[in-house]
Amino acid sequence: MIPAAVLTVSDRSAAGLREDTAGPIAVEALQAAGFSCETAKIVPDGADAVESALRGLLASGIRLVITTGGTGVAPRDETPEGTARVVERELPGIAEELRRRGAQAKPAALLTRGIAGVAGSALVVNLPGSPAAVAEGMPLVVSLAGHVLDQLDGEDHA
């Protein structure tokens with residue numbers, strides 16, 4: 001099984017003031033798709049916290065990281081900035097499609113600034129912190145992740 005991880009980015013959840021309701025949805029979707037994934041890791045908002053957590057997960061051999069939260073326009077929403085420090089090649093089509101699909105359900109989805117990209121031999125995708133947005137976005141992510149990881153491993157285009 002391919003190792004995956006979910007990183008929930010939230011000051012309130014990291015402080016124990018709010019339950020993480022989005023991370024478990026992503027974990028469940030990854031497990032259902034055949035990925036090996038433990039409970040979501042929670043970190044506070046901010047680019048430095050996101051960068052550090054991503055680097056740690058990737059160094060441990062994780063091949064797919066889904067982040068939830070910190071993609072909006074609030075002052076501490078810096079998940080894309082932290083992710084950009086780690087990602088070597090962006091895959092803008094994934095983020096664009098996540099926004100497009102999200103906007104069909106809720107126009108405010110267009111305000112999310114999440115990115116997706118490759119870091120070494122791993123795929124990293126930012127999702128909003130809303131449980132609904134995670135539930136709507138995970139089918140797209142799991143439908144593409146295997147192909148991306150195969151390509152990173154040098155396999156031919158399918």
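Me: Let's start with Thr-112. Where does it lie?
Reply: Thr-112 is in the loop between α5 and β6 (116–119). Helices (H or I, at least four residues) and strands (E, at least two) are DSSP runs, numbered from the N terminus. This is a predicted model, where local features need pLDDT of at least 70 and side-chain atom pairs count only at pLDDT 80 or more, while totals for chains, interfaces and linings use all residues. Residues are numbered from 1 along each chain as its sequence is written, and side-chain values use heavy atoms, with hydrogens and water left out.

Me: Is Thr-112 buried or exposed?
Reply: Thr-112 counts as buried because its relative accessibility is 16%. Buried means under 20% relative accessible area, exposed over 50%, and partly exposed in between (1.4 Å probe, protein chains only).

Me: And what does Thr-112 touch?
Reply: Not counting residues up to four places away in sequence, Thr-112 touches Thr-71, Arg-99 and Pro-128. Contact here means heavy atoms within 4.5 Å.

Me: Which polar contact does the side chain of Thr-71 make?
Reply: The Thr-71 side chain pairs with the side chain of Thr-112 at 2.8 Å. A polar contact is a pair of N or O atoms within 3.5 Å; within protein, one must be able to donate a hydrogen and the other to accept it, and residues adjacent in sequence count only if both atoms are side-chain atoms.

Me: Where does Thr-71 lie, and what else does Thr-71 touch?
Reply: You'll find Thr-71 in the loop between β4 (64–68) and α4 (79–84). Thr-71 counts as buried because its relative accessibility is 4%. Setting aside residues up to four places away in sequence, its contacts include Asp-77, Arg-113, Asn-126 and Pro-128.

Me: Switching to helices: how do α2 and α6 run relative to each other?
Reply: The axes of α2 (residues 23–32) and α6 (residues 131–152) come within 9 Å and cross at roughly 25°. α2 and α6 are therefore roughly parallel. Axes are lines fitted to C-alpha atoms, for helices over the stretch in contact, and angles run from 0 to 180 degrees between N-to-C directions. Angles under 35 degrees count as roughly parallel, over 145 as roughly antiparallel, 65 to 115 as roughly perpendicular and the rest as oblique.

Me: Which residues make that contact between α2 and α6?
Reply: Ile-25, Ala-26, Ala-29 and Leu-30 of α2 make it with Pro-131, Val-134, Ala-135, Met-138 and Val-142 of α6. By class, that contact has 9 nonpolar, no polar and no charged residues. Ala, Val, Leu, Ile, Met, Phe, Trp, Tyr, Cys and Pro count as nonpolar, Asp, Glu, Lys and Arg as charged, and the others, Gly among them, as polar.

Me: What about α5 and α6?
Reply: Their axes come within 9 Å and cross at roughly 150°, with α5 covering residues 92–105. α5 and α6 are therefore roughly antiparallel. In α5, Ile-94, Glu-97, Leu-98, Arg-101, Gly-102 and Ala-105 meet Glu-136, Gly-137, Leu-140 and Leu-144 in α6. By class, the contact of α5 with α6 has 5 nonpolar, 2 polar and 3 charged residues.

Me: Last one: where is Val-9?
Reply: Val-9 sits in strand β1 (residues 3–9). Val-9 is buried, with a relative accessible area of 4%.
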